[in-house]
Amino acid sequence: MFIPVAQSAFKALRSAQPRVRLYFVSKNAYSSQVEYKPIRSVLVANRGEIAIRVFRACTELGIKSVAVYSEQDKMHMHRQKADESYLVGKGLPPVEAYLNIPEIIRVCKENDVDAVHPGYGFLSERSDFAQAVIDAGLRFIGPSPKVVQNMGDKVAARVAAIEAGVPIVPGTDGPVTTKEEALEFCKMHGLPVIFKAAYGGGGRGMRVVRKMEEVEESFQRASSEAKAAFGNGAMFIEKFIERPRHIEVQLLGDKAGNVVHLYERDCSVQRRHQKVVEIAPAPRLPIELRDKMTEAAVRLACHVGYENAGTVEFLCDESGNFYFIEVNARLQVEHTVTEEITGIDLVQSQIRIAEGMTLPELGYTQENIQPRGYAIQCRVTTEDPANDFQPNTGRLEVFRSGEGMGIRLDSASAYAGAIISPYYDSLLVKVIAHAGDLQSSAAKMNRALREFRIRGVKTNIPFLLNVLENQKFLNGVLDTYFIDEHPQLFKFRPTQNRAQKLLNYLGEVLVNGPQTPLATTLKPAEVSPHVPAIPLVTEPPCGLRDILVRQGPEAFAKEVRSRKNLMLMDTTFRDAHQSLLATRVRSHDLLKISPYVAHKFNNLYALENWGGATFDVALRFLHECPWERLEEMRKRIPNIPFQMLLRGANAVGYTSYPDNVVYKFCELAVQTGMDIFRVFDSLNYLPNLILGMEAAGKAGGVVEAAISYTGDVSDPKRTKYDLKYYTNLADELVKAGTHVLCIKDMAGLLKPEAATLLITAIRDKHPDIPIHIHTHDTSGAGVASMLACAQAGADVVDVAVDSMSGMTSQPSMGAVVASLQGTPLDTGVDLRVVSEYSAYWEQTRTLYAPFECTTTMRSGNADVYLNEIPGGQYTNLQFQAFSLGLGDFFEDVKKAYREANLLLGDIIKVTPSSKVVGDLAQFMVQNNLTADQVLEKAEELSFPKSVVEFLQGHIGIPHGGFPEPLRSRVLKDMPRIEGRPGAALEPLDFDKLKQDLKESHPNITDRDVMSSALYPQVTNEYLFFREKFGPVDKLDTRIFLTGPKVGEEFEVTLERGKTLSLKAMAMAADLKPNGDREVFFEMNGQLRTVHILDKEAVKEIHVHPKANKAVKSEVGAPMPGTVIDIRVAVGDKVEKGQPLVVLSAMKMEMVVQAPQAGVVKKLEIANGMKLEGDDLLMIIE
C-alpha cells in the first residue's frame, strides 16, 4: 500500500502550529471546515490486547500512550506496555471500573491527554462516553457521538438503512425491555427469532429461539447477560435468517465526507453468535455480490455522516440476497485480517483521521486499495471446548507461542505466570495468518497453533485445529451453521500435558509427602541400578512363545512335555516381589531389565509377570495402568511366554463377578500379550475353576489349571487333604481340558517326601500332561522340594532370581540351576547370566526399602508347617499387624492364624480365602479371643466382613462343607448362596458402564472399562489421579516415592526421543491466601512453577471446600465465577438435569444442572459469592 508521508514527517508536523483547511462539502452530517491538529497523547479506555494494539500504533507515530486499569488488572500487561498508567474504579466491580466515565475523563484532564481511543467493548459504543470526551475538550478517536448513538441504537440503525436503500431483516421497531413484549412479538411474527442486545454486540446477550415455551427464559437470560456486559438489558428482536453467511464490510471515513471500503470479512464460523474464526476476503463470494454489499455499506456510511473506522454487517442467504444487520461504530476484534490483506494500519488510520487528515492525504482512495491473498484470524481463548466452552481461569504455568513467516500475534497477558481472571473476556491471544490463498493461510495457522504450549488453563486450540482441517472450511464453503453441523469438530485428541502434570505430582510429593503409603520409615536408596548390556540391534533369540504363536496351546503343551530337561518359570516379575516387597515393584524397573531377559533367558518356560495382586496394586498404590505394563513388557519380550495368575471365577479380584466379566477379561488379556493362565480357586472349588479355565481357553490362552496345595500328603494323620483328594482333583481338571497341570503350593508346605509322592502319583495317572510346580521358600526347604519334584517327573518348577528369592518368595534360580548342571535335568540356563540378572535386582530391591519384608522377617521360618500362612500373605500380614498396632504380637497373630483356619474348617488358603483366615486371626488377637471363645460368642460378635461373606458362600463351597455350628451362629438368618456364586449374577452391561465412566472420564479406553468392572472405586480414583498427575510411571522409583531433593537434577523419558531434564529448585516458605505453596522447578533449562495446596497448613485457614469428582453426590462449580441465582434450598427434591445454580463469569452466564436425582442435603454457597472452579456448591443425596 502506498503511504505518502513518512513517520518522521508526522512527528515534525505535530510540533508545528495547527493549520486549518476549508472544504466545500454538501455531504450529510459532515463539517464544512476540517481542522488538522496533531495528537500528542492518547488514553485507551480499555484493557487487554486491544489496548496494547493501540499503544503500539501510538509508539510508531511518536505519540505518548496512557493506560487505565482496574484493581483486578494491576498486574496486567497492558498497563506495563503504556508510557503511563492510572488506576480507575477503585472499590468497584471489575467491569464497572472500565465503565466509569467521570473517572476516565478525570485521568485525561489531570495527565494532559489529547485524545481517547475506546477500543472495542466496554464504552466503545456508548454515545454518552464519546460526548463526555468531546465536552471535556478532548478528541474521541471514533465516529461522532450522534453517529455512535444512532448506529448503536439498532432501531435507529435500521431506519437509516431503510433511508439509504439498504435491505433489512424484519424486526421490532424499538428496544424491548420485558418478556411480555418479547412473547407478543414472537406470537405475531412467528419463530425462529433472534434476541440481540440493543446497546452492545460481540454475541453477548444473543439468543436464537425456536420454541415458544423457551421465549421467556431465553429473554431473561439474554437480557441479564446484556445488562452485565453493557449496563442496559434492553433487547432488539428480529426474524432469524436460516443458513446465512455473516459478511461484514470494513469502512474508513474522514471529516471531509470521504468514505472507502477495505473489502469484506467472512465471520460465519461462529458459536452461539460469537465469532471464532474470521477470514478476509470472504471466500467464494461472487464479485457482483461483493460489489453490491460494499457499495451499500459505503452508501449507508455517507448517509449517516460516518467518520473514522467502522463496520457494516450483513447476512447473506443462499440465494445471493443480503440483509443489513448492524453497524459497529468502532474498531472490531477481527480488524487484523483486513490490515493483513490491504496493508493498511487501521489503528494508525483512526488516529490520523482524528487529527484531521483526509483519506486522499493518507493515500486511501478506493482504486488504491486492493486485497492481497487471504488472512485468517483465530481467537485463542481460555475456554474448554470439551466442556461446552466453559471459561477456564487460573495461572498460566507454561506459555509458548507459535511464530514464523506469515504469522502475527496480538495478545495481552500471555506469558508464564500470568493470572487469567474470571472477570473479563476469555480472549488470550489473536493469531493471524496471511498467505497467497486460503489453503496456504490455513496451513500456516495450523502450524502456528500446533507450536503453542499453554499449560495451567484449558484453551480452544484443539477445536480451532479441527476447524482448520475441515475440508469445507478449507474450500471456503461456510455459513453460520458450520459449527453446529460438524459435530466432529468437538472430537478432540486429548492434550497430554505430561510434563506439567509430572511437575504437579512432584510438587505434591514435596509439599504433602508420598502419594503411595510407605509401610516403614526406611527410605529408598540413592542408586541407579546397573542394567547389563545386550546387543543393541539384534532381535532376541527364539523361545517357546514362537511355537505357541505358530501352532497353538496344544502344540505348546506337547513341546513342553517332550523336553527331557527341567524347565524354569521366573517369578521375579510378579510373585517374588509380591512376597518380599508388598507387590510394590513398578513397571519402570521391570521394563528396564526386560530386554536383557528377552536376550538371555529365551529358554524359560515362562515369565510370571501379571495378574493376582499386581493388578489392583498397580492401580491403587503405584498409580499406573496394569494393561499398559503388560503391553510394554510384551514389546520388549516378544519371545518368552507370559504367565498370569487368574483366580478362577474371581478373575484378578477378591469377589465373584458375572461370567461375562471373566470371559471379557481373559479376551482382553490375550489381546494385550498374555499367553498362559494359571487358573486356581481359593477353595479348589471345581465350578469356579472350570469357569476360569473355559474363559482362558476361549480367549486363546494356554490353560494351566492349578490345584492349591495344603496339608501334608506324607503324613497319614492328615486325612482331609490326602493323596486321593489331589489325584481326583487332577483327574477332573485333565478331563475339563487343561493344557498344563499345576500344583500351587502357596505356603511352601510341600516337603521333599510329599513332593515325590504327589508328583509320582499324578505322573503315573497322566503321563502326557505337563506338570508345573509352584512353591514358596518360607521354611527354607524350597530348593530341596523342587529338586524332588523334578526327579519325580515334573516338567517345570517356579524359581526367582537369587537376590529376589528365599523366605516367602520362590526358591533360588541359581541354586536350582547349579544343582542340576551336568545332569539329565540340566536347565540349560547359564549361571553367569543368572548372576548378572541377580545383581540388577539386588540394587533395584534397595529402591523399595520402605516395603522390605526383612524389616520384620530376618530369615525363613519352619513354623509355616504349623500356621500354613501363604508366602504372598506372610509379609503383608506382618505389615497389617504393625499398622493395627499389633506389631509386637505377630507371633500371637501367627498362632491365631492356625486357630482361625481350624475354626473355619481347615480350608485351602490362598487369595481370597487366605484373607478370610488372616482377618479372623487379627480380629481374635485384637479382641483377645481364643478359638473356643469365638465359637461360644459367635452370635454376639461383629465379625470381619470377609469372614461373614465366606460363610455365606460368596467365594464358593470349601472341601468338606462349611464349619458348623460356627456358620449358623454367625449368619443366623442372613442369606446364604448355594452353588457357584457368580452363576446367579446378571451379565455386566459393558456399554452402560463405559457411558457412565465417560461422564467423568471422556477419554477412557476399553481397558479402563475392564479395570472398572473389577475394581470400580479403585479404577475411578486411578483415572482421576492419571488425569491430574500424568504418567508417573516414567519417574525413577526414588523420585516417585519420596520426591527429588532440592537442587537435584534428574531426567524423565516420556517416550522414545522425548526426555525431560528436570531440577527441583525451591519450595516457598510462605503460603498463598488460598493455602497454596509455590514450588519451583527448572525444566529443560526454563523456570517452571506449580502451586500445590498444603493439606496440613490449610487446616489453619478457611478455604472453600472442593467437590470430590469421584463422589457423584458432590456438585462442583464447572467454572470460576459469581453466584447470581440459587434455585434450590436444603431439603428440596431435585430431578436429574434440573437447574440448581446460575453462575456468571467472563460476561457469560451458566446454569448448573443436577447430575443426579435426589434431595439437597447441604448448600455451600450464597448469592454473590465468588467461586473457583470445582468449588463445592451443594451435596445431593
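Figure 1. Just after helix α5, Asp112 takes a positive phi of about 60°, in a model that is predicted. The helix itself covers residues 101-110, and at its start a side-chain oxygen of Asn100 reaches to within 3.2 Å of the backbone nitrogen of Glu103.

**Figure 2. The buried residues of helix α5 and the elements around them.** Ile101, Glu103, Ile104, Ile105, Val107 and Cys108 are the residues of α5 that are buried. An α-helix has 3.6 residues a turn, so residues three or four places apart point the same way. The buried residues of this helix pack against the strands β3 (41-44), β4 (64-69), β5 (84-87) and β6 (115-117), and also against helix α6 (127-135).

Figure 3. Strand β11 runs over residues 245-253, and because nine of its nine residues are buried, it is largely enclosed by the rest of the structure. Both of its faces are covered, with Arg245, Ile247, Val249, Leu251 and Gly253 buried on one side, and His246, Glu248, Gln250 and Leu252 buried on the other.

**Figure 4. The partner strands of β11.** With strand β14 (residues 308-316), β11 pairs in the antiparallel sense over nine bridges, and Arg245 has Cys316 of β14 as its bridge partner. Strand β12 (residues 259-271) also runs antiparallel to β11, and six bridges join the two; here Val249 stands opposite Glu264 of β12.

**Figure 5. The turn between β11 and β12, with Asn258.** The strands β11 and β12 form a hairpin with five residues between them, and in the turn Gly257 has a positive phi of about 95°. Asn258 is found in the loop between the two strands, and because its relative accessibility is 30%, Asn258 counts as partly exposed. The side chains of Asn258 and Asp254 are joined by a polar contact of 2.7 Å. If residues up to four places away in sequence are not counted, Asn258 touches Leu252 and Gly253, together with Thr358, Leu359 and Pro360. The C-alpha atom of Asn258 is separated by 70 Å from that of Gln515, a residue 257 places apart from Asn258 along the chain.

**Figure 6. An open sheet of four strands.** The strands of this sheet follow the order β37-β44-β42-β39, and their pairing is antiparallel. β37 (1114-1116) and β39 (1133-1134) stand at the edges with a single partner strand each, so one side of each is left without a neighbour in the sheet. Strand β42 (residues 1158-1163) is joined to strand β44 (residues 1176-1180) by three bridges, and the bridge partner of Val1160 in β44 is Ile1180.

**Figure 7. The setting of the close-up views.** The protein contains 42 helices and 44 strands, and its C-alpha atoms fill a box of roughly 125 × 65 × 60 Å along the principal axes. Of its 1181 residues, 60% are buried. Among contacts with a separation of 6 or more, 70% come from residues 24 or more positions apart.

Definitions and conventions: Residues numbered from 1 in each chain as written. Predicted model: local features only at pLDDT ≥ 70, side-chain atom pairs only at ≥ 80, totals over all residues. Heavy atoms only, no water. Buried < 20%, exposed > 50% of the residue type's maximum accessible area, 1.4 Å probe, protein only. Pairing = 2+ DSSP bridges. Contact = heavy atoms within 4.5 Å. Polar contact = N/O pair within 3.5 Å; in protein donor to acceptor, adjacent residues only side chain to side chain.
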